[in-house]
Structure formats: structure tokens, C-alpha cells
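These notes are for a colleague who is opening this model for the first time. They are set out as numbered points, to be read with the structure in view.

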Amino acid sequence: MSLGSSASFTADSMGLDAIDSGTSILLVGDDSDALQSVFYRLVAAEEDERSVVVATNESGRGVQRALNRAVRGAGSRSSVLTGTGASGTDIDAIDDLGDLTKLGMNLSMHLSESQQQTPRFRAGIYLCSTICAEADDVRSVYRLLNSNFLSELRRGDGIGICALDTSSDIGASVNSVVAGMKTSFKACIEVEKTGRREATLTTSGLSGVDETVTVSL
């Protein structure tokens, strides 16, 4: 757990009721709708928390609406870096997803500002596979995650969720990228859509959580 961490984070709608502060979760799957549903339910902030979301394929307003659907009022407790659409209240547009140095600096700034409002935070990247496709070298994505995403979890009272669509063409072997990222993340959740509105989550690295969980979408 992180230094100074307090109560665990919850995701009751998915049966995940005790995620330790400092936990980093790699979220992977080949169905974008199922992946998106699970992502927002994990990253949506409760009343004493804030969300900081990097959204590569969705507008800031779309992210806020998705957060509200997951947890009532979560959209108003969020900061969004978006690769689609314009800036607005608590929304900053990203000009170039391939400029990972600038993206990392902006992410760190938003996380710092968020923790000045309330110490507890949920950080999320959706989709990391898009960033991998835009980057000149996938290794630079690893540096972004370790220097600006995972490092904040080690210092603060928060959890992080990084979603990667394994059906995406990222210009490299998706399996190799996932294997490489797993070495940096504390936990992994594999999302498999098993029905029209149902998915199976296969988890590893989450204490007190069943290895397989079935959730409604």
C-alpha cells in the first residue's frame, strides 16, 4: 500500500469491494464495449474521491457522462485529458497523442491538482492501445506509465486503471506489449464478453477477490 493510504477503494457493482490504495490495474480485452463499461465502473470517483482520466477516443463530455452512469455525480468529480473534442470545464484537449512527454507532464499536473482538492483519487487511461499506436516506440509508452502514471500511485492515496484493447492494431505484437506491461502493474483484469449484457472478469493480483467474477454490463 502507498504511504499514508487509508481505506480501500471499492467497485461494488463488480463485486470488487476492497482494492488497496496504490494498486495499479492493467485492464485488457478484445471487446471495446465491455472493456469500456468495466473501465468506467473502476475509475468513477465516490464522494470523497476524484477521477483523472486520459481518454484517447472519447470527448471530455462523453467521459463525464460515462462516469455519471457508473457512479452518481462522478462526472463532476473528474478531470479529463481528451484526444477528441474541445477543452472545457475540467477538460483539456490533447493536441498530439504521440507527444508522450507533454502528455505525461499534463497527466502529472492534473493528478497533482486533483490531490489538492481531495487526497483520494482514481486515475485511468482509456485506451492505452491508442497511445501505443500513436507513439514512435512502444518503449516510450512504458516510460510514460512508469514516470507519470504508476509513480503517482506510489506517492499518493489512489488506484490506477490502464485499459488496452487487445483487438487493436498498435504496430507491434499486442501479446508482447501486454506481457511487458504486466511486469509493471500490480494486478491484471482480463475482460471477456460472455453474453449480450454480461462479461467474465479473470483477475490476478487482487487480494480477497475471486479469480473469476461475472458482471452485468
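1. The largest nonpolar core has 38 residues, and those touching the most other members are Leu27, Phe39, Leu42, Ile189 and Val191. Helix H1 (residues 32-43) gives the most to this core, with seven residues. A nonpolar core here is a set of buried Ala, Val, Leu, Ile, Met, Phe, Trp, Tyr and Cys residues joined through side-chain atoms within 4.5 Å. Buried means under 20% relative accessible area, exposed over 50%, and partly exposed in between (1.4 Å probe, protein chains only). Helices (H or I, at least four residues) and strands (E, at least two) are DSSP runs numbered from the N terminus.

2. The model is predicted: local features need pLDDT of at least 70, side-chain atom pairs count only at pLDDT 80 or more, and totals for chains, interfaces and linings use all residues. Residues are numbered from 1 along each chain as its sequence is written, and side-chain values use heavy atoms, with hydrogens and water left out.

3. Which residues does Leu27 touch, not counting residues up to four places away in sequence? They are Leu35, Val38, Phe39, Leu42, Ile161, Cys162, Ala163, Leu164, Ile189 and Val191, where contact means heavy atoms within 4.5 Å. A second, separate core of 34 residues includes Val28, Leu100, Ile170 and Val178. In soluble globular proteins, nonpolar side chains tend to be buried together.

4. For the chain as a whole, the secondary structure comes to six helices and eleven strands. The radius of gyration (taken over C-alpha atoms) is 16 Å, close to the 17 Å from the globule rule (2.2 Å times the number of residues to the power 0.38), so the chain is as compact as a globular protein of its 217 residues. Its C-alpha atoms fill a box of roughly 40 × 40 × 30 Å, taken along the principal axes. Buried residues make up 53% of the 217 residues. Among contacts with a separation of 6 or more, 67% are between residues 24 or more positions apart.

5. Nine strands form an open sheet with mixed pairing, in the order E6-E5-E4-E7-E8-E3-E9-E10-E11. The edge strands, each pairing on one side only, are E6 (91-93) and E11 (212-216). The twist averages 20 degrees from one strand to the next. Two strands are taken to pair if DSSP finds at least two bridges between them. Strands of a sheet pair through backbone hydrogen bonds, either parallel or antiparallel.

6. How many of the residues of strand E7 (residues 120-126) are buried? Seven of the seven are, so E7 is largely enclosed by the rest of the structure. Arg120, Arg122, Gly124 and Tyr126 point one way from E7, while Phe121, Ala123 and Ile125 point the other way. Strand E4 (residues 50-55) pairs with E7 in the parallel sense over six bridges; Val53 has Gly124 as its bridge partner, and Val54 has Ile125. E7 is also joined to strand E8 (residues 157-165) by seven bridges, again in parallel, and Arg120 has Asp157 of E8 as its bridge partner.

7. Helix H5 (residues 138-155) lies across strand E3 (24-29), E7 and E8, and runs at about 140 degrees to E8. Axes are lines fitted to C-alpha atoms, for helices over the stretch in contact, and angles run from 0 to 180 degrees between N-to-C directions.

8. Ser108 lies in helix H3 (residues 100-117) and counts as buried because its relative accessibility is 18%. Its side chain makes a polar contact with the side chain of Asn148 (3.0 Å). A polar contact is a pair of N or O atoms within 3.5 Å; within protein, one must be able to donate a hydrogen and the other to accept it, and residues adjacent in sequence count only if both atoms are side-chain atoms. Leaving aside neighbours within four places in sequence, Ser108 is in contact with Asn148 and Glu152.

9. The peptide bond from Tyr126 to Leu127 is cis, with omega near 10 degrees, and Leu127 is in the loop between E7 and helix H4 (128-134). Asp90 is not a glycine, yet has a positive phi of about 60 degrees. Asp90 is in the loop between strand E5 (78-82) and E6, and its relative accessibility of 34% makes it partly exposed.

10. Arg61, in helix H2 (residues 60-70), is partly exposed at 42% relative accessibility. Leaving aside neighbours within four places in sequence, Arg61 is in contact with Thr89 and Ile91.
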